[in-house]
Amino acid sequence: MSLDRRSVLRGAAGAAGAAGVGLVTVGAVPSLAEATPAPRRSPFPAHRPFPPLMDDPQGLLALPPGFKYTIVTKAGETKLTTGQPTPGSHDGMAVFSDGRNHTLILNHEIGSNNALGVPQIKGTVYDEGVGAAGGCTVISVDRDGRNRGEWVGISGTLTNCAGGHTPWGTWMTCEETENKANGTTRLKDHGYVFEVWADGKTAHPVPLKALGRYAHEALAVDQDRTHIYLSEDASGPNGLFYRWSAPRGYKLGPKSWQDLTDVDFGTLEAMAILGDDGKPIPDVAYLTSAQLLRPFRVAWVPVPDRDAVSVSCRKQFTDGQVTRGKKFEGVYGTDEGVYVVNSYAESGTTDLPADAVPHDGMVWFYNYRARTIQLVTYFPHNPAADQGSAARYDDYNFDSPDNVTVTPWGSLVLAEDGNASSHVLSSTPGGPTYAIARNMLNDSEFTGPAFSADGKVLYVNLQSPGITFAITGPWRDYLG
């Protein structure tokens, strides 16, 4: 049964009633029937808990019983079709299916010329000055996740972190940097979004300047193809959540890249979450689990200079104009709205307001039609378990969600970039979170979770040393 996301996001109001118990008269001896409350229907969708993770004899991935993995790519070991080694620093990723095979488009978060950078292939290069640095590779795999060949989709970019798939079957890759040209190692400005094709033939390595120049993290195109929602992972001050809107009557599509190269095309705005007084809440960390599932109105404030010619986009606003957030990260869209993640906010840092609340992760849902945003998952701050060593109850302690994807059944999968053990997580908005994989190799983050369209394969990466896994098992039994 598909998860009704709209009912999830409306469901908290019934939770208190569902927890009620029957009344017993003082001094009377109640019967079993009187003492046992009548069963109440839970306000949340049914779910089946994942069983405890089992350690991997190979020392790579701990998985639940009945699940297994295949290695699709490994940096420096598997090969591109040109014979060069697979680049490293795997990050955001999308999966496209043709009914028989899958195609992955994979980001490589590399900031400068690197031995395992993305090689510059003619026709795919944006900036020759950066050498073998960031970019994207494209991997063809069969339905079981076996590698059938990989090649370069774009090169000459920097710090390709996450991005988002488009309804027309391409990938928009995001540069998480604001570096400008310096005439030597950078011949062009960076901090843009680029569109990448999966066919191995099409390449247009031009920046989509209409979407702004800043430390991009991820994005999602709405179902009407008239808006793009984008996150910014930046500090000093904290980053913002943005919305690009098309000109009236315009629909995004396969040739939109030509229009989006114009920095003035459409409008770019930053989000302001409005409090009860109608004024912007300065930072998301002022909200906590006490506001779980409560809708807040949202306003959108135009960005004065989206190409950040002299001042970074986020620095063009005062604290009274917009809502900031430490580490705006993963973004994923549905027909009803878009999810966005804040990874953490630590106490005692300049990136957390002195009177705000530290946390270990927030997941938000912005509703397109209602124009409201709701906190749907909240990880409380646990400093004792975030110091690098395993927590006593390791697979119950979660921190720093990063990339997010929506499963074919409507629930969420989160990839941790945590201080302690890193997990892949199954999360029900407004409900429980379970560990579905744990990194046993090192302390690297998980990145780029993405399901095949049929729900049979979950693809996910370890950023270091750079490994792509295809995980198969009874996903429907636990997520369906």
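A disulfide is taken here as a pair of cysteine sulfur atoms within 2.5 Å. The structure examined is a predicted model, in which local features need pLDDT of at least 70 and side-chain atom pairs count only at pLDDT 80 or more, while totals for chains, interfaces and linings use all residues. Residues are numbered from 1 along each chain as its sequence is written, and side-chain values use heavy atoms, with hydrogens and water left out.

A search of the whole structure returned 0 disulfides. Cys-161 takes part in no such bond, the nearest cysteine sulfur being that of Cys-174 at 8.3 Å. Accessibility was classed as buried (under 20% relative accessible area), exposed (over 50%) or partly exposed (in between), with a 1.4 Å probe and protein chains only. Cys-161 is buried, its relative accessible area being 4%, and Cys-313 is likewise buried, at 0%.

Charged side chains were considered next. Side chains of opposite charge can pair when their charged atoms come close. With a salt bridge defined as a side-chain nitrogen of Lys or Arg within 4 Å of a carboxyl oxygen of Asp or Glu, the count comes to 13 salt bridges.

One of these joins Arg-314 to Glu-178, with 2.8 Å between the closest N and O atoms. Arg-314 is located in the loop between β14 (296–302) and β15 (328–333), and Glu-178 in the loop between β8 (171–175) and β9 (193–196), so the pair ties together parts that are 136 residues apart in sequence. Strands are DSSP runs (E, at least two residues), numbered from the N terminus. Arg-314 is buried, with a relative accessible area of 5%, whereas Glu-178 is partly exposed at 23%.

A salt bridge is also formed by the side chains of Asp-276 and Arg-294, at an N to O distance of 2.5 Å. Both residues lie in the loop between β13 (267–273) and β14, so the contact ties together parts that are 18 residues apart in sequence. Asp-276 is exposed, with a relative accessible area of 70%; Arg-294 is partly exposed, at 34%.

Asp-395 and Arg-438 form a further salt bridge, in which the closest N and O atoms are 2.8 Å apart. This pair links distant parts of the chain, 43 residues apart: Asp-395 belongs to the loop between β18 (372–380) and β19 (401–406), and Arg-438 to strand β22 (residues 433–439). Arg-438 counts as buried, at 11% relative accessibility. Through salt bridges that share partners, Asp-55, Asp-395 and Arg-438 are joined into one network.

Note on methods: Helices (H or I, at least four residues) and strands (E, at least two) are DSSP runs, numbered from the N terminus.
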